[in-house]
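The sequence and the model are shown first.

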Amino acid sequence: MSPFLTDPLLIAIAAPLVLALAIALGLTKRWSVRLAYGAFSVPFLAALHVWWHYAAAPKMGGYAFLTRYSTGLDGLGIGLKLGLNGISLPLFVMAGIVGLAAGLYALQSQAERLKIYVMMLLIMQGGLMGVFASVDVFYIYFFHELALIPTFIMVGIWGGRDRSYAAMKMTIYLTVGAMISLVGLIALYVKSGAHTFDLIALRAHLAAHPLSVTLQHNIFGLLIFGFGILVSLWPLHTWAPLGYGAAPSANAMLHAGVLKKFGLYGLIQVAGPLLPAGAWHWAQPLAWVAVIGNILIVGLVTIAQRDLKQMIGYSSVMHMGYAFLGIAAGSALGVGGVVMMMVAHGLSVALLFMLATSIYHRTQSFAMDEMGGLAQPAPVLAACFVAATFASIGLPGFANFWGELMVFIALWKFAPLITILAVSGVVISAIYGLRSVARIFFGPATEQMKAVAAKHPPVDLRWSEKAPVLILLAALLFIGFWPKSMSQAINETLATMSFREPAAPTQALPR
Amino acid sequence: MNLEAVKLAAANNVWSAIFPEMMLGCIALLLLVLEMLLPPKHHEVIPDVAAAGLFGTLIGLIINWHPIWIGSETFNGLIRHTEAGQVMRGFFLTSALLVCLLARLTLRRQAMPRIEFYHIVLVVTAAMMLLAQSNHFVMLFVALETLTIGLYILVSYFRTSTASLEAGLKYLLMGALSSGMLLFGIVLLYGVAGNPTLPAQSTQPLHYPELARFLAANPHHFLASLGIVFILAGVAFKIGAFPFQIWVPDVYQGAPTPVTAFLAVASKGAGFAVLLALCGAHGVFSAYAWLTTPILTAMAAATILFGNIAALTQHNVKRLIGLSGVSHAGFLILGVVASQTVPMAVGAIYFYLFAYLIASFAVFGVMSHLAGADDSDQELEHYSGLAKDSPFLATVLAVGLGSLAGIPPLAGFMGKLFVLMAAFQSGARWLLAIAALGVVISIYYYFGWIKAAFFETWTPPAESGGAPARPARTSVAPSTGLLLGALALASIALGFYQGPWGEWLARP
C-alpha cells in the first residue's frame with residue numbers, strides 16, 4: 001500500500017484539512033456535519049493508536065513513526081518529515097483528545113453559520129496535529145500558523161463582547177510573536193551551518209559543532225521573546241484573557257488548551273536542546289519574570305476577576321508561569337514536568353472553558369456575582385466543574401498534580417527562593433478556584449439568577465455536553481492515576497537529550 | 001555603414017527566438033483587423049481572441065521552455081536569452097491573460113471602445129517580455145518606453161472619468177520625468193565608457209557585458225557612479241520604491257481596476273527584471289556594489305516602512321492595495337540586495353513575484369466584480385457584509401489578502417520566508433528586523449479589510465430615499481467564479497507544495 005494511506009500521523013493531519021477543503025468547495029451542510037464527526041474522530045483514533053504502539057515502535061534518532069514527504073524544497077533542507085518522540089507524543093495525544101472534545105461540542109452547538117464554524121475548527125485541528133507530528137522545525141512553525149488563522153476569524157464572527165477589538169489585538173500580538181520566533185528560527189538555520197530545518201539533523205550537527213556562546217545567547221533570546229508572546233509570558237500576556245474572553249468556546253478550548261503550548265513546545269523541543277548555553281544564560285531572568293509576573297501578579301489579577309471566562313483566561317496565563325519555571329529549571333525532571341503539565345493543563349483548561357459556556361447557557365451571564373445556587377438544579381455540572389477546578393489547582397488524582405510536583409522538585413535544586421514563591425502561587429489558584437465554585441454553585445441564588453431561572457429553569461448537563469466533558473475528565477483521571485502511561489516515553493527521550501546540565505540523566509519521573 | 005556590415009549584423013538575428021513577442025504583435029494587429037471586418041454584434045468574441053492568443057503563446061512558451069539559444073545573445077547582443085528571462089516571459093503572459101479576463105468584467109460597465117484596450121495590453125506585454133531579456137541599454141530604453149506609453153493610455157482609458165484622466169496625467173508627468181532620469185543616466189554611462197583615455201574603454205558602451213567590463217576596470221569613477229544613481233532612480237520610479245512612490249496612490253486609484261492590477265503586478269515585475277539584470281550578482285553594476293548596495297538597502301527599508309505605514313490610514317481599497325504594493329516592492333528590493341551575495345535570493349524573488357501575482361489577481365478580481373459604475377470609488381465600507389452575501393467572494397478575498405500579508409500556509413508566506421532567509425544569509429540583519437516589523441504593520445490593514453468583509457458591524461440605517469451607499473452586488477458568473485476559485489486554490493496549493501518551483505529555487 002502507498003505510504004500515504006498507512007501513516008497514522010499524516011492521516012491525522014490530512015483528514016480534518018481535506019474535509020475543510022471539501023466544505024470550502026461547497027459540501028452541503030448536512031454532509032459537512034456528518035463527516036465532521038469522522039474528521040474529528042480520526043485524529044483522536046490515530047492519537048490513541050500511536051500512544052499504544054509507541055513503546056514497541058522502531059525508532060530512529062529518537063523518533064518513532066518516521067516518514068518524509070518531499071514538497072520540492074529538499075534543496076533548502078525543508079521537507080514534511082513526520083514522527084513522534086517522547087516530548088511530542090504526549091502532546092499529540094492531548095491534541096487528539098481535546099480536538100475530539102471541542103469538535104463534538106461545536107457540532108452539537110447551535111452556532112450560526114455552522115458550516116464555516118466547523119470548517120475553521122477543522123483547519124485548526126489539522127494544524128494542531130501537524131505541529132506536534134512534525135520533525136521539521138519549519139513545519140512545526142508552518143502548522144502552528146495554519147492553526148492560528150481560524151482563531152482570528154472565529155473570534156471576529158462568533159465572539160462575544162469586544163470581539164472586533166479582541167480579534168485585532170490577538171492577531172497583532174500573535175503576529176509579533178510569530179515573526180520574532182521566525183527570525184530566531186531562520187537565524188538558527190543559517191548560523192548552524194547545517195542548512196536544514198530537520199530537527200534530527202540539526203541536533204546531530206549542533207552536537208558536533210555547537211554554536212558560539214554569544215550566538216546562542218542572542219538566538220535563544222529571540223526565541224524566548226517570540227515564543228514567550230505566543231505563550232503569554234508576562235508582561236506580554238494581555239491578549240490572552242481578552243481573546244479567550246471573546247472567543248467562542250470550541251475555539252478557546254483548542255487555542256488555550258493546545259495551540260498555546262506551541263511556544264513551550266518550541267522551547268523544549270527546539271531551543272533548549274539546540275542552544276544549551278543560551279538556555280542557561282536566560283534561565284534566571286526567565287524564572288524571575290515567570291514567578292513574579294505570571295504567577296504572583298497575574299495570580300492576584302485572577303483573584304480580582306468577576307467574569308468567569310476572564311478568570312479562566314487569566315488562570316491559564318498564570319499556569320504558563322509554572323511551565324516557564326520548569327523550562328528555566330532545565331533538568332530532565334523539570335522539562336519532563338513541563339511536558340506533563342502541558343498535557344494536563346491542555347485537558348483541564350479546555351474542560352473549564354467548555355463548562356464555563358455551559359454555565360453561561362444556564363445563567364445568561366459570565367459575571368460570577370450574578371450566579372449562585374446552581375448546584376441544586378444542575379448537580380452533574382457542579383460535580384464536573386468542581387473536578388475541573390481541582391484538576392486546575394493541581395490536587396492529587398489529576399494529571400496536573402504530577403506536572404506541578406515535578407516542576408517544584410526540579411526548581412528546588414535550581415533556586416529555592418523562587419520555589420517558595422511559586423508554591424505560594426498554588427494557594428492563589430486555590431483561592432480563586434474554590435471561590436468561583438462557591439459563587440456559582442453554592443449559597444443562595446442571587447436576584448439576577450432568580451430572574452433568569454424563572455424564565456428558563458436551568459437544566460443539568462445534556463448528553464451533547466456530557467460526552468466531551470467525560471472524554472476530558474477521563475483523560476485527566478487516567479493520567480492522574482497512571483502517569484507512567486505518559487512519563488515513560490517522556491523519560492526515555494529526555495534521557496537521550498543533553499540539557500544544559502551535563503550531569504547524568506536521572507531516573508526522575510515517576511515510574 | 002556598408003552593406004556587408006548590415007548583412008553581418010543581420011546574420012545574428014534569430015527571429016524564432018523572439019517568436020512569442022512577434023506572436024503577440026500579430027495578435028494585437030489581428031484584433032484591430034477583426035474589429036473592422038466583423039459586424040458589431042460579433043465584437044464580443046474579440047476579447048476572447050486576445051485571451052486565447054495569450055494563452056496559446058503561454059502554452060507555446062512552456063512547450064519550448066529550453067530552446068537551444070538559452071544562455072546566448074542574439075540580435076548582435078541586444079537580447080540575451082536566459083532561463084530567468086523565460087520565467088519572466090511566463091510571468092508577463094500570465095498577468096496579461098488575467099488582465100484581459102478581468103477587463104471583460106470592468107469594461108462591460110463602461111460605454112467606450114473596447115478593442116483598443118486589448119490591443120494595447122498585448123503590445124505592452126510584448127514590450128515587457130523584451131525588456132526582461134534586454135542585454136543592451138538601447139533595447140532596454142526602447143522596450144521600456146513602449147511599455148510606458150502603452151500604460152499612459154491604459155491608465156487614462158476611462159476618458160469620461162476625471163479620476164482616470166487625472167491619474168493618466170500624473171502618470172504621464174512622473175513617467176516622463178523618470179524616463180528622462182533613466183536616459184540621462186544611460187547617456188552619462190555612454191559618455192564615460194566611450195572615453196578613450198580611460199582603461200577598458202569600449203566602442204559599444206551600452207552593451208551590458210562591455211559596460212560591465214568597463215565598470216570593473218574603473219570601479220570608482222565619479223561620472224559613472226552618477227550615471228548609475230540616475231538609472232537606479234529611473235527604475236525606482238517604475239517599481240514605486242521610496243522616495244519615488246508619490247505617484248502610486250493616485251494613479252492606482254484612478255486607473256481602471258484591471259490596469260491597476262497590470263501596473264501593480266506586471267509593471268513592477270518588469271522593473272525587478274531590470275533591477276536584477278543591473279544590480280544582481282553578475283549584473284552590469286556588480287563592480288559598483290559599494291554604491292548600489294547601500295542605496296538599495298536604504299531604499300528597501302524606507303519602502304517597506306513607508307508603504308505599510310501609509311497604507312494604514314487608507315479607506316479606498318485601490319489606494320490601499322497600491323500602497324501595500326509599495327511595501328511589496330520593498331520586500332523585493334530586499335531580495336535584490338541579498339541576491340548580490342546569496343544565489344538563492346534570485347529564485348526567491350521570482351517565487352515572490354509569482355505568489356504576488358496569484359494573490360493580487362485574486363484580490364483584483366474580487367474588486368473588479370464588486371466595483372460599480374465609478375471604478376475609482378471602491379471604499380472599504382463597500383465590503384461590509386460581503387461574507388454574508390457571497391461567502392465565495394469573501395473567501396477568495398481572504399485567501400488573496402492572507403497571501404499578500406504573508407500568512408502561512410499561503411504562497412505569499414513562502415515567498416516572504418525565502419526572501420527573509422536569503423536576506424539573513426546575506427547578513428542584512430537590520431533590514432530583516434524592518435521587514436518583520438513591516439509584516440506586523442501590514443497585518444493591521446490587510447486584516448482590517450478582511451474584517452470589513454467578514455465581521456458584522458452595526459451600521460446606521462440608510463436614510464430613506466437616499467441612494468444606496470455601495471454598488472449593487474450581482475451574482476458571480478460561472479467563468480469569473482472559476483477564475484477566482486482557481487487563483488485562490490493556487491495560492492493555497494503553492495503554499496503547501498512547491499514541487500519543481502522549489503527545486504528550481506534551491507538549485508546551486
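This is a predicted model: local features need pLDDT of at least 70, side-chain atom pairs count only at pLDDT 80 or more; totals for chains, interfaces and linings use all residues.

Residues are numbered from 1 along each chain as its sequence is written, and chains are lettered from A and ligands numbered from 1 in the order in which they are written.

**Chain contact**

The contact between the chains draws 25 residues from chain A and 28 residues from chain B. Two residues are in contact if their C-beta atoms, placed from the backbone, lie within 7 Å. On the chain B side, at least two residues each come from α17 (411–425), α18 (429–454) and α20 (499–505) of chain B. Helices (H or I, at least four residues) and strands (E, at least two) are DSSP runs, numbered from the N terminus. With nine residues, α18(B) gives the largest share of the side of chain B that touches chain A. That side has 20 nonpolar, five polar and three charged residues. Here Ala, Val, Leu, Ile, Met, Phe, Trp, Tyr, Cys and Pro count as nonpolar, Asp, Glu, Lys and Arg as charged, and the others, Gly among them, as polar.

**Helix pairs**

Two packed helices are described by the angle between their axes and the distance between the axes. Axes are lines fitted to C-alpha atoms, for helices over the stretch in contact, and angles run from 0 to 180 degrees between N-to-C directions.

| Helix pair | Axis distance | Crossing angle |
|---|---|---|
| α14 (308–329) and α17 (399–414) of chain A | within 9 Å | roughly 45 degrees |
| α5 (115–133) and α6 (137–155) of chain B | within 8 Å | roughly 155 degrees |

The angle makes α5(B) roughly antiparallel to α6(B), whereas α14(A) and α17(A) are oblique to each other. Angles under 35 degrees count as roughly parallel, over 145 as roughly antiparallel, 65 to 115 as roughly perpendicular and the rest as oblique.

The residues joining α5(B) to α6(B) include B:I120 and B:V123 of α5(B) and B:M139 and B:L140 of α6(B). This contact divides into 15 nonpolar, two polar and no charged residues. Between α14(A) and α17(A), the contact residues include A:Y322 and A:L325 of α14(A) and A:E404 and A:F414 of α17(A). By class they are eight nonpolar, one polar and one charged.

**Sheet in chain A**

Three strands of chain A form an open sheet in the order β1-β2-β3, with antiparallel pairing. Two strands pair if DSSP finds at least two bridges between them. The edge strands, β1 (59–60) and β3 (80–84) of chain A, each pair on one side only. Two bridges link β1(A) to β2 (63–69) of chain A in the antiparallel sense; A:K59 has A:A64 of β2(A) as its bridge partner.

**Buried positions**

In chain A, eleven of the eleven residues of helix α11 (249–259) are buried, so α11(A) is largely enclosed by the rest of the structure. A residue is buried if 20 or more other C-beta atoms lie within 10 Å of its own, exposed if 12 or fewer, and partly exposed in between, with C-beta atoms placed from the backbone.

B:Q133 lies in α5 of chain B and is buried, with 26 other C-beta atoms within 10 Å. Leaving aside neighbours within four places in sequence, B:Q133 is in contact with B:I79, B:R80, B:H81 and B:G85. B:Q86 is 47 residues from B:Q133 in sequence, yet their C-alpha atoms are 8.5 Å apart in space.
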